[in-house]
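We will go from stop to stop, picking a few residues each time.

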Amino acid sequence: MLAYIKGTLEIKLKNYVVIDVGGLGYKVFMSESSIDSLGEIGEIVKVHTYYRVREDDISIYGFKTQELRTFELLLGVSGVGAKSALVMLSCIEPSEFAIAVISNNVKLLTQVPGIGTKSAQRIILELKDKLKAEQSELDKEKLEEAKLQSVKVNENVQEATSGLMVLGYSRKDIEKVFEHLAVESLSVEDLIKKGLVLLTTK
């Protein structure tokens, strides 16, 4: 329902803040680390939110983007409530939490107040496969991005090579000077310009 809240930070306490948006004060529960990362009272802040509705309670929880996903995963674990999830995020960074779950690090999770051995084992059991699947998808996305970048670089190099060959330089000499350039960060025009400088000083 609420993707994020952006407004003036009015109150900043240990486990929640109040953000004023157009005269309405939103009480947002957050981890200590997230609260510490916010600005000072009176500054404009933006927090990603999770709107939780229960029969006896309606609450808003605020996070940095990565924390929000971890919070949602923790709420899906049987026996783990919103308060326990926030305490977890106050003690362990999302990246450390993911590594602990995937590597079966029960000891690290039990360092969180209120999380015993059985709770830690249950968290690992219920989230390990989910986190592995998400990491796999992330790796695929990064691989695709790298492939696209590689194709673009090759196309730029080929076009620049053709342009320099038209000017009378040999492919062999052009390839040699390109070895001294950061071709992945240069446009076709820059490759030709920098290539010409190196070729004319040979």
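Two rings of Phe, Tyr or Trp count as a pair if their centres lie within 6.5 Å. Keep that cut-off in mind for the ring stop below. This is a predicted model.

**Stop 1: the barrel**

Select the five strands that run E1-E2-E3-E5-E4. They form a closed barrel with mixed pairing. From one strand to the next, the twist averages 55 degrees.

Now keep E4 (residues 44-54) and E5 (residues 57-63). These strands pair in the antiparallel sense, over seven bridges. Pick Tyr-50 and look across to E5: Tyr-61 stands opposite.

**Stop 2: the rings**

How many aromatic pairs does the structure hold? There are five aromatic pairs. Show Tyr-50 and Phe-71 together. Their ring centres are 5.4 Å apart and their planes are at 70 degrees, so this pair is edge-to-face. The pair links distant parts of the chain: Tyr-50 sits in strand E4 and Phe-71 in helix H2, 21 residues apart.

Is Phe-71 buried or exposed? Phe-71 is buried, with a relative accessible area of 0%. Tyr-50 is partly exposed, at 24%.

The rings of Tyr-61 and Phe-71 have centres 5.3 Å apart and planes at 35 degrees, so the pair is tilted. This pair also links distant parts of the chain, from Tyr-61 in strand E5 to Phe-71 in helix H2, 10 residues apart. Tyr-61 counts as buried, at 7% relative accessibility.

Now select Tyr-16, Phe-29, Tyr-50, Tyr-61, Phe-63 and Phe-71. Ring pairs link these residues into a cluster.

**Stop 3: helix H2**

H2 lies across E4 and E5, and runs at about 10 degrees to E4.

Thr-70 is buried, with a relative accessible area of 7%. What does Thr-70 touch, not counting residues up to four places away in sequence? Its contacts are Leu-89, Pro-94 and Phe-97.

Move to Arg-69 and Glu-72. They form a salt bridge, with the closest N and O atoms 3.6 Å apart. Both residues lie in H2, three residues apart, about one turn of the helix. An α-helix has 3.6 residues a turn, so residues three or four places apart point the same way. Arg-69 is partly exposed, at 37% relative accessible area, and Glu-72 is partly exposed too, at 33%.

**Stop 4: helix H3**

Select residues 82-91, which make up H3. H3 lies across strand E3 (24-29), E4 and E5, running at about 15 degrees to E5.

Colour Ala-82, Ala-85, Leu-86, Met-88 and Leu-89, which are buried. Look down the axis of H3: these buried residues fall within an arc of 155 degrees, so they line one face of the helix.

**Stop 5: helix H8**

By the salt-bridge rule, the count comes to two. For another of these bridges, select Glu-189 and Lys-193, where the closest N and O atoms are 3.1 Å apart. The two residues are four apart in helix H8 (residues 188-200), about one helical turn. Glu-189 is exposed, at 51%, whereas Lys-193 counts as partly exposed, at 49%.

**Stop 6: a loop**

Finish at Leu-13, in the loop between strand E1 (4-12) and strand E2 (16-21). Leu-13 is partly exposed, with a relative accessible area of 41%. Leu-13 and Ile-35 are 22 residues apart in sequence and 7.9 Å apart in space.

Note on methods. Residues numbered from 1 in each chain as written. Predicted model: local features only at pLDDT ≥ 70, side-chain atom pairs only at ≥ 80, totals over all residues. Heavy atoms only, no water. Buried < 20%, exposed > 50% of the residue type's maximum accessible area, 1.4 Å probe, protein only. Arc of directions from axis to C-beta. Contact = heavy atoms within 4.5 Å. Salt bridge = Lys/Arg side-chain N within 4 Å of Asp/Glu carboxyl O. Pairing = 2+ DSSP bridges. Axes fitted to C-alpha atoms, helices over the stretch in contact; angles between N-to-C directions. Phe/Tyr/Trp six-rings, centres within 6.5 Å; stacked < 30°, edge-to-face > 60°.
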